[in-house]
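Student: Please take me through this model, with a close look at one part of it. Keep it brisk.

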Amino acid sequence: MPDLYSNESDTLPAGVYSSQACPPLALLRAWKEDVLTADLARDVASHAENCTLCSMLVSDLEHLPQPGITAAERARIRQKLPLIAPTARAGGWRWYTVAGAAAALVIAGVLLTINQTEHPRQAHIDVPTVSEPAQTQTASPLPPSPSAEPKVAKLEPPVDLSPALVLRGEANASEPTAQQLAPAFDAYSRNDYPLAAQRFSQLAKQFPRSGTPFLYLGVTQLLTNNNADALFNLTRAEQFVSPAQKEAASWYRAIAAQRTDAPNASELLHTICGRNGSRYAQQACQLEQMPYSN
Amino acid sequence: MISLDEFNGIYDQHVDAVFRVTLRAVSRREIAEEITSEVFLTLYQSAETITRDQLPAWLFTVAKRRAADYWRRWYLEQRWTDDTVESEIAAPSQSHPEIPFDDLLARCPPLKPVHRVCLILRFVQGMTREEIAGQTGLTELQVKGHLQYGLKLLRETLASPRPNLSAQELSADA
């Protein structure tokens, strides 16, 4: 049976001579794409323009379908872009902030007028308050808010939640095992956020000093716009997560703080903005510049 | 001006094309992946100054600049670590008493571009079948098939009589 993977059966007919002095394919391609430095392009050109084999190769490659991106590569590239985009219209951030501020002023003016008419000595503006969340509240599935809140990039499950760890199921009094976490992450990965929140909440109650359940509960709650509960749980997560998850916990906590107009939101964003090497620094700096009511 | 809200749509629409353009320029998938993510991060940072009608040309321009940066760094490293870079790219070989491969390829009309690509990558670039598959998007089995068929055609070309063939060429691979 011939070995499909052996290269030894490929031999040129006897007497046929092939040059080995051609530049590597990568250089030839780069030369064609005009992305080489001047010196290197000159070297490649001095050969390729006079070599039948190189000309043939470059020309024939154009006839082959171009290799495309795989789903895994697409996901990895997206993962490197933990972007947050406000739900602004085509005018961009500035349009949304100006319009929002103008609308707030109009509403406030109307309320003030009404109150002055009905209770001239007690005119005040009704301001909605954010109630303090109970401990480890489970998110009720709220519909996506049409307001201009920053969208959240979903935090990927930890890489050490491997099938091997799931099977091993090592016991630890203060941390859930991978096996215990798996159902919650299964729901999370399937975007079944109500179920994911319920499961993470149970784990958080069972392991009150473990950061992972609080972190992912908080992120799930942000994804369903349960921002107040998210802030509570992400604040707790930041206290208990491992160093590897600290950066993410700080970031999501800052988002929750901004969404709920928490007094320390600006400070949290500023801290991340100033963190050299943080993957969230740039976004934090941009979010920090978005004015919010306080 | 592109709203940041449109960014995800732009990413989904253009990431494949940007990756392909980048891969053509650098020939390494992992490098193409890095550069593609840099391109979209740059788009995100520049979202307020870019208009929709500038896409995808703007993306391709940024990708090629990043590819040029990659090759510039590669060349600098090569220059400092290996002084023989220039000498590795030699002039095409002069006439040789044996049959030049490029001449044989040119004389074999039934060969299609895919056969020639596989043959050149195998016997000139020295790639394995796996490497050829990686560079062309073919499967290893396809590469093997194309090589075998191409070699068969080359042998038939050598065996077929031509009025101007030298005795040496006629006796080759008899």
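Tutor: Chain B has 174 residues, and 47% of them count as buried (under 20% relative accessible area; over 50% is exposed, in between is partly exposed; 1.4 Å probe, protein chains only). This is a predicted model, where local features need pLDDT of at least 70 and side-chain atom pairs count only at pLDDT 80 or more, while totals for chains, interfaces and linings use all residues. Residues are numbered from 1 along each chain as its sequence is written, chains are lettered from A and ligands numbered from 1 in the order in which they are written, and side-chain values use heavy atoms, with hydrogens and water left out.

Chain B holds nine helices and one strand (DSSP runs numbered from the N terminus: helices are H or I, at least four residues; strands are E, at least two). Its order from the N terminus is α-α-α-α-β-α-α-α-α-α. Take the contacts in chain B between residues at least 6 apart in sequence: 57% of them join residues at least 24 apart (a contact means heavy atoms within 4.5 Å). The accessible surface of chain B is about 8700 Å², with 52% belonging to carbon and sulfur atoms (Shrake-Rupley method, 1.4 Å probe; for residues, only the protein chains shown count as cover).

Now chain A. It has 294 residues, 43% of them buried. It carries 13 helices and one strand. Among contacts in chain A between residues at least 6 apart, 61% join residues at least 24 apart. Its accessible surface comes to about 15600 Å², of which 56% belongs to carbon and sulfur atoms.

Here is the close look. Helix H7 of chain A spans residues 178-189. Its buried residues are A:Ala178, A:Leu181, A:Ala184, A:Phe185, A:Ala187 and A:Tyr188. An α-helix has 3.6 residues a turn, so residues three or four places apart point the same way. Just after H7(A), A:Asn191 takes a positive phi of about 65°.

Next, the rings. Over all chains there are 14 aromatic pairs (rings of Phe, Tyr and Trp, the last by its six-membered ring, with centres within 6.5 Å; planes under 30 degrees apart are stacked, over 60 edge-to-face, the rest tilted). A:Phe185 and A:Tyr216 have ring centres 4.7 Å apart and planes at 80°, so they pair edge-to-face. A:Phe185 sits in H7 of chain A and A:Tyr216 in helix H9 (residues 211-223) of chain A, so this pair ties together parts 31 residues apart in sequence. Both A:Phe185 and A:Tyr216 are buried. A:Tyr188 and A:Tyr193 have centres 6.4 Å apart and planes at 65°, so this pair is edge-to-face too. A:Tyr188 and A:Tyr193 are likewise buried. One aromatic cluster takes in A:Phe185, A:Tyr188, A:Tyr193, A:Phe200 and A:Tyr216.

Further along chain A, helix H10 (residues 227-240) includes A:Asn227. A:Asn227 is buried, at 8% relative accessible area. Its side chain makes a polar contact of 2.8 Å with the side chain of A:Arg259 (N or O atoms within 3.5 Å; within protein, one able to donate a hydrogen and the other to accept it, and sequence neighbours count only if both atoms are side-chain atoms).

Most residues other than glycine have a negative phi, and most peptide bonds are trans. A:Asp261 has a positive phi near 55°. A:Asp261 lies in the loop between helix H11 (243-259) and helix H12 (265-273) of chain A. At 31% relative accessibility, A:Asp261 is partly exposed. In chain B, B:Ser27 also has a positive phi, about 65°. B:Ser27 lies in the loop between helix H1 (7-26) and H2 of chain B. With a relative accessible area of 7%, B:Ser27 is buried. The peptide bond from B:Leu55 to B:Pro56 is cis, with omega near 0°. B:Pro56 is in the loop between helix H2 (29-45) and helix H3 (57-81) of chain B.

Last, the cores. The largest nonpolar core has 75 residues (buried Ala, Val, Leu, Ile, Met, Phe, Trp, Tyr and Cys joined through side-chain atoms within 4.5 Å). Those with the most contacts inside it include B:Val26, B:Phe40 and B:Leu154. Another core, of 41 residues, lies apart from it and includes A:Ala204, A:Leu215, A:Ala230 and A:Ala237.
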